Amino acid sequence: MCPDSALGGADEIPKFPPIEIMKDLKPKYFLYARKSTEDDDHQIMSIEAQLFELREYARKENLEILEEFQESKSAKKPGRELFGEMMTRIERGEANGIIAWHPDRLARNSVDGGRIIYAVDTTKIVSLRFPTFWFESTPQGKFMLPIISPTLFEAVQKMLAKKSRPRVQKVPNHFPFAQFARCGECGSMITAQYATNRFGTKYTYYRCTKKKGVCRQPYLSSSALISQAKNLLQSVSLPLSEIENMEKQIDLWEKESISERGSVAQNLKTKLSETKEKLDKLVSLYLDGDIDREMYL
């Protein structure tokens, strides 16, 4: 224990953020990313984009992630397998925190939302972290966490969709490696997209389109892809004899091209000379009176 003087007096008690319920233990987190393939939530970031942002957020905040959960299922109704597995492991004490993009990625029904809140009440969860949402483990914080009903949420989303205008893309996307290669696992083409973090920094990363089914390959940053391409090109070489043969062939093509251009020029000169000779003969016939003016013209 620190002496009273270090605390500013015996009557002053240091205050800690309510989120840090267990002061002696640093929270250990499960990362949860979800995007439904069953709902019309097209405005939500893809799972790959969520993972990218959440990993960056955890790195900057120095948060320890034990495991990542990725789920492509609606949260309107209870019954998500991976969410249930994650909550069961939290209730067993394997982790005591969750990182997600937004509270609605965790739950959009009262059963799952109640399970999370009960885990907070019983200190099974001591920390919930969202890059886009601030949460404190207080009655007010819990109230602000499942406050908007799913029905109201859907009504607002539909109204916003009606009033929204198509985005005009003024500057074309610059993805030099798009359609450049195929996924080594499933054989689908590689595509690219932008991701912008909460600080406004834009990143480019490439990923498998997963057109041929399930694929476990994650995203790849543009810098990492460039490094792989450089390493691959450096590993490719041609025998010296092949290079010399190619140089000889190039020289031959150049000589043939020069010779061909010379032949064309000579043919044009010959035709020009013949035409001039004919014109001179025609003028002589007219001057000698052998043909009249109308015939000459």
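Here is a tour, stop by stop, of what to select and what you will find there.

Before we start, know that this is a predicted model: local features need pLDDT of at least 70, side-chain atom pairs count only at pLDDT 80 or more, and totals for chains, interfaces and linings use all residues. Residues are numbered from 1 along each chain as its sequence is written, and side-chain values use heavy atoms, with hydrogens and water left out.

**Stop 1: the sheet**

Select strands β1 to β4. Helices (H or I, at least four residues) and strands (E, at least two) are DSSP runs, numbered from the N terminus. Two strands count as paired if DSSP finds at least two bridges between them. Here four strands make an open sheet, in the order β2-β1-β3-β4, with parallel pairing. β2 and β4 (127-129) are at the edges with a single partner strand each, so one side of each has no neighbour in the sheet. From one strand to the next, the twist averages 20°.

Now zoom in on β3 (residues 97-99): three bridges join β3 to β4, and the two run parallel. Click Ile99, and you will find its bridge partner, Arg129, in β4.

**Stop 2: salt bridges**

Side chains of opposite charge can pair when their charged atoms come close. A salt bridge is a side-chain nitrogen of Lys or Arg within 4 Å of a carboxyl oxygen of Asp or Glu, and this structure holds 15 of them.

Select Asp112 and Arg80: they form a salt bridge, with the closest N and O atoms 3.0 Å apart. Asp112 sits in helix α4 (residues 110-121) and Arg80 in the loop between β2 (64-71) and α2 (81-91), so the pair ties together parts that are 32 residues apart in sequence. Are these two buried or exposed? Both Asp112 and Arg80 are buried; buried means under 20% relative accessible area, exposed over 50%, and partly exposed in between (1.4 Å probe, protein chains only).

Compare that with Lys73 and Glu81, whose side chains meet in a salt bridge of 3.3 Å, N to O. Lys73 is partly exposed at 26%, and Glu81 is exposed at 53%.

Then try Glu185 and Arg216, a salt bridge with its closest N and O atoms 3.3 Å apart. Glu185 is partly exposed at 34%, while Arg216 is exposed at 72%.

**Stop 3: cysteines**

Cys208 is buried, at 4%. Cys215 is buried too, at 8%, and its sulfur is 3.6 Å from the closest cysteine sulfur, in Cys183, which is too far for a bond.

**Stop 4: helix α8**

Finish with α8 (residues 240-287). Its 48 residues should span 70 Å at 1.5 Å a residue, and its end C-alpha atoms are 71 Å apart, which agrees. The expected span is 1.5 Å times one less than the number of residues. After α8, click Gly289, where phi is positive, near 80°.

How values were computed: Axes fitted to C-alpha atoms, helices over the stretch in contact; angles between N-to-C directions. Disulfide = S-S within 2.5 Å.
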